[in-house]
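Please look through the sequence and the coordinates below before reading on. The paragraphs that follow begin with the aromatic rings and then turn to confidence, overall layout and a few individual side chains.

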Amino acid sequence: MTKQRLGVLGACVLLAVAGWAQTPPAKKSGGAASGPVMPGSEQWMDIPAAALAGTPSVEMGGTLKIAVLQGDPMTAGGSYTLRLSCTDGTKIAPHWHPTTENVTVMKGTFLLGMGAKWNDAAMKEIPVGGFVSAPPQMRHYAQCKGDGVLQVNGIAPFLVNFVGPDDQGSAKNTN
């Protein structure tokens, strides 16, 4: 091969590699976005029935939506980040999760109580920017004060196991 042909062949290979390197990867189906999530661009939906177990012991009294930002909250072992949106007064009945739940308040005020029985007097206000981490099986309950947005992250699965007031699980009322 002549030097000229080798040069043309080399240029073609370089162009092909450069084009391949700039082609964006194919989107995965069923997962959350892998790039930036800008405020207001979340894809809100109802909480999947598969993420809820048991019967809530108090009426919710509002609207709760979920937006998955990263990962798959239902596939065990992987990390996830999601947001919960709630209307003023929405109650989340006493429950526990099988893995650690990390929550940051992004909008509104979050009222949080510990234990298997709802107790308004025992709830603590968590303002915007506040953070709470609940270890696995910690019984807790919550309420949104004002329309709110919470960011939740952890290791999947994200499951909400509702409990009754007589629950004697491993995490008892700490108040």
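Rings of Phe, Tyr and Trp (for Trp, its six-membered ring) are taken as a pair if their centres lie within 6.5 Å, and the pair is called stacked if the planes are under 30 degrees apart, edge-to-face if they are over 60 degrees apart, and tilted otherwise. By that criterion the structure, which is a predicted model, holds two aromatic pairs. One of them is formed by tryptophan 118 and tyrosine 141, a tilted pair with 4.8 Å from centre to centre and 40° between the planes. Because tryptophan 118 sits in the loop between strand 5 (101-114) and strand 6 (124-126) while tyrosine 141 belongs to strand 8, the pair ties together parts that are 23 residues apart in sequence. Tryptophan 118 and tyrosine 141 are both buried, where buried stands for under 20% relative accessible area, exposed for over 50% and partly exposed for what lies in between, with a 1.4 Å probe and protein chains only.

Some conventions apply throughout. In this predicted model, local features need a pLDDT of at least 70 and side-chain atom pairs count only at pLDDT 80 or more, whereas totals for chains, interfaces and linings use all residues. Residues are numbered from 1 along each chain as its sequence is written, and side-chain values use heavy atoms, with hydrogens and water left out.

The predictor's confidence in each residue, pLDDT, runs from 0 to 100; its mean over the chain is 83, and 76% of the residues reach 70 or more. Over residues 1-30 the pLDDT is below 50, and this stretch has one contact in the model beyond near neighbours in sequence, a contact being heavy atoms within 4.5 Å. Residues 171-175 also stay under 50, although the model has nine contacts for them beyond four places in sequence. Where pLDDT is low, the predicted coordinates should not be read in detail.

Along the sequence the order is α-β-β-β-β-β-β-β-β-β. Of the contacts with a separation of 6 or more, 75% join residues 24 or more positions apart, and buried residues make up 35% of the 175 residues.

Strand 3 (residues 79-86) is mostly covered, with six of its eight residues buried. Strand 3 pairs in the antiparallel sense with strand 2 (residues 64-71) over seven bridges, and with strand 8 over eight bridges, where pairing requires that DSSP finds at least two bridges between two strands.

A polar atom of the glutamine 143 side chain lies 3.4 Å from the backbone oxygen of glycine 89. Leaving aside residues up to four places away in sequence, glutamine 143 touches several others, including Thr90, Phe110, Trp118 and Met123.

Arginine 139 lies in the loop between strand 7 (131-134) and strand 8. Arginine 139 is buried, with a relative accessible area of 5%, and its side chain reaches the backbone oxygen of glutamine 137 at 2.6 Å.

Note on methods
A polar contact is a pair of N or O atoms within 3.5 Å; within protein, one must be able to donate a hydrogen and the other to accept it, and residues adjacent in sequence count only if both atoms are side-chain atoms. Helices (H or I, at least four residues) and strands (E, at least two) are DSSP runs, numbered from the N terminus.
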